[in-house]
Amino acid sequence: MTDDRPHLAVIGAGPAGLAATVAAAAHGVHVTLIDSAARAGGQFYRQPAAELNAGRPQALHHQWRTWERLKDALAHHVEAGHVRLLTDHHVWLVERRLNQWLNQRAGDADRNAFTVHALLGPEQETPAEVRADAVLLATGGYEKVLPFPGWTVPGVLTAGGAQAMLKGTLAVSGRTAVVAGTGPLLLPVATGLAAAGVEVAALVESADPKAFVRRTRALAAQPGKVAEGAQYAAQLLRHRVRLLTRHTVVAAHGDERLEAVTVATLDTDGRVRPGTERRIACDTLAVGHGMLPHTDLAETLGCRLDGIDVQVDDEQRTDVPGVWAAGETTGIGGAALSLAEGHIAGRSAAARLNGTEPDPRTWAPAAKSRTKLREFFAALDTVYAPPARWTDLVTDDTVVCRCEEVTGGAVREAVDGLGAGDIRTVKLLTRAGMGWCQGRMCGPAVAGLAGCELTPSRRPFARPVPLGVLARAGEPESEAEPE
Amino acid sequence: MNSPLRLADAHPGPAFTVTLDGRAIEALPGQTVAAALWTAGVTSWRTTRGEGRPRGVFCGIGVCYDCLVTVNSRPNQRACLVPLHPGDTIRTQEGTGHDD
Ligand SMILES: Cc1cc2nc3c(=O)[nH]c(=O)nc-3n(C[C@H](O)[C@H](O)[C@H](O)COP(=O)(O)OP(=O)(O)OC[C@H]3O[C@@H](n4cnc5c(N)ncnc54)[C@H](O)[C@@H]3O)c2cc1C
Ligand code: FES
């Protein structure tokens, strides 16, 4: 790059990464925005593939105008040469050259301190590298699903996955769906499927509506969010979606294909009330129990975590110099919070890369909405919780680790029989978490069954990497190549 | 009845043919392997290494690896990510998809 503006690599083109990119580019920084998807947008603004030629993509979205604003600003900066957008780039490692940071002066010495390693295309075999002076992690999150008998039957999928397939490819997996679990994501999923012509037989939410009433103060502080909730409620009514609160799916039935689910009522202790089970016929179960942040890249960079979230300061800086983080990677809180955090991170990074002290007054509105939204989601978190006794549903022959097909019985044997008290020991004894997904799917379940906190498992890379790519990654000549 | 394509007022280019284990199925430009298979009424396309159980899409975003499939003789591709092109051959896969 002949450009002598400082260079920021933003990883993730969801609400957080887009807001950060636009803010940094507007303040004199060259940005490379990198995302594994074929188009920018992330989970919330996921777009149908261009070739599907959708005349009304907004039919599947809310807050379309914000997306249009971001998309136009991005296009403007790309055209002006301030931003390079790299889609179809799966980042597997971000490398930091420590000495360059130790010698840093605000100006030149920190140049190219980071190398972002990516794999191209859906096949992810061809490597690519991006050098940057600083990085901003906006990698979002993925859905948490707790196991129950039958959750591996085809037709059972994550609620977000049903949404992603619908928004991105305009495809649905069947005719009759049940949407179940807990959390605010279930609402857009149920209404989205219904609008797309799927019969949504029920929305099964384990939370108790009474808990909302106890939380009215925090909720009332966000009238916009309450109105959003009311809109969803009206849509559920219009599509005649039955809402079953304080209910849970206890089993999914079918062999090659889902045929029905059994739901039951929960008592106040979060236990299934015996005798309340009933069967609902369906060919799709979209199920989710909340979200987990993607923190692999932050961890390999050595960023401190706060529980399972990347820890950031008021400017969205991690504790590693030159690394910012924004959006759901720093804690789950929805698209609006991601936008606010991204904006702040982008402005902070721009100021610091230009060698000036940022002035927080310039992002005061974003900081205010960040505070409010964090409070709001903290309150929601206490309301939307999986049934307290969900582990009761995991029978000994329920598969817990989907990749390695480790059962509940095997995990219990490791815990009760062999004394395993943490995820790592269960993994060593049973292989739970050693498969393709590296414990992303079974982590929460294993932690629950072992009676321990979910701790992030240390993964050397954010993506599986072909050996040939690894062999070439450290070659000196590839380092000398100017970006 | 409404459909996602109708809801989004989508007008994709003409459908093309790909094969699933030799059987011709139609795909639309821009569809991933998973989307085309779902549209053809197929929701499982591999069996697990251990128990030989059927699997299809689970996370829909490339995280879980449940949807692995063989595309143009290349095993272990994630059906939820890989876009289709005319003439592509999809094969359901058993275990790792390798002949071991
Ligand atoms: C499947 C799914 C569907 C969802 N649908 C909705 C919805 O319809 N409505 C709603 O209100 N909320 C939805 N959510 C919640 C949503 O995550 C947030 O509201 C919001 O999108 C978070 O913004 P973000 O910018 O933090 O992250 P995201 O929007 O998740 O964006 C992160 C981006 O980073 C990219 N990325 C991650 N890791 C890498 C890597 N290693 N290399 C390259 N790129 C990478 C991803 O491709 C993604 O584009 C969904 C969540 C999931 C998991
Ligand atoms: S469905 Fe999870 S990786 Fe494709």
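Which helices and strands of chain A each supply at least two residues of the shell around ligand 1? They are helix H1 (15-25), strand E4 (89-96), strand E8 (141-143), helix H4 (159-169) and helix H10 (334-353), where helices (H or I, at least four residues) and strands (E, at least two) are DSSP runs numbered from the N terminus. The model is predicted, with local features requiring pLDDT of at least 70 and side-chain atom pairs counting only at pLDDT 80 or more, while totals for chains, interfaces and linings use all residues. Residues are numbered from 1 along each chain as its sequence is written, chains are lettered from A and ligands numbered from 1 in the order in which they are written, and side-chain values use heavy atoms, with hydrogens and water left out.

The shell around ligand 1 holds 32 residues, of which A:Ala16, A:Asp35, A:Gln163, A:Lys167 and A:Glu328 come nearest; a residue is near a molecule if one of its heavy atoms lies within 4 Å of it. Because residues from chains A and B surround ligand 1, the site is shared between chains. By class, the shell comprises twelve nonpolar, 16 polar and four charged residues. In this scheme Ala, Val, Leu, Ile, Met, Phe, Trp, Tyr, Cys and Pro count as nonpolar, Asp, Glu, Lys and Arg as charged, and the others, Gly among them, as polar.

A polar side-chain atom of A:Asp35 lies 2.6 Å from an oxygen atom of ligand 1. A polar backbone atom of A:Phe44 is 3.2 Å from an oxygen atom of ligand 1, and for an N or O atom in the side chain of A:Ser338 the distance to a ligand oxygen is 3.3 Å. Of the 970 Å² of accessible area (Shrake-Rupley method, 1.4 Å probe) that ligand 1 has on its own, the protein covers 93%.

The interface between the chains comes next. In contact (heavy atoms within 4.5 Å) are 48 residues of chain B and 51 residues of chain A. Together the two chains bury about 4100 Å², 61% of it on carbon and sulfur atoms; buried area is the accessible area (1.4 Å probe) that two parts lose on being put together, summed over both. On the side of chain B, B:Leu7, B:Trp38 and B:Phe58 lose the most area to chain A, together 19% of what that side buries.

Four salt bridges cross this interface, each a side-chain nitrogen of Lys or Arg within 4 Å of a carboxyl oxygen of Asp or Glu. A:Arg402 pairs with B:Asp66 at 2.6 Å, N to O. B:Arg53 likewise forms a salt bridge with A:Asp255, at 2.7 Å, N to O.

Key:
Polar contact = N/O pair within 3.5 Å; in protein donor to acceptor, adjacent residues only side chain to side chain.
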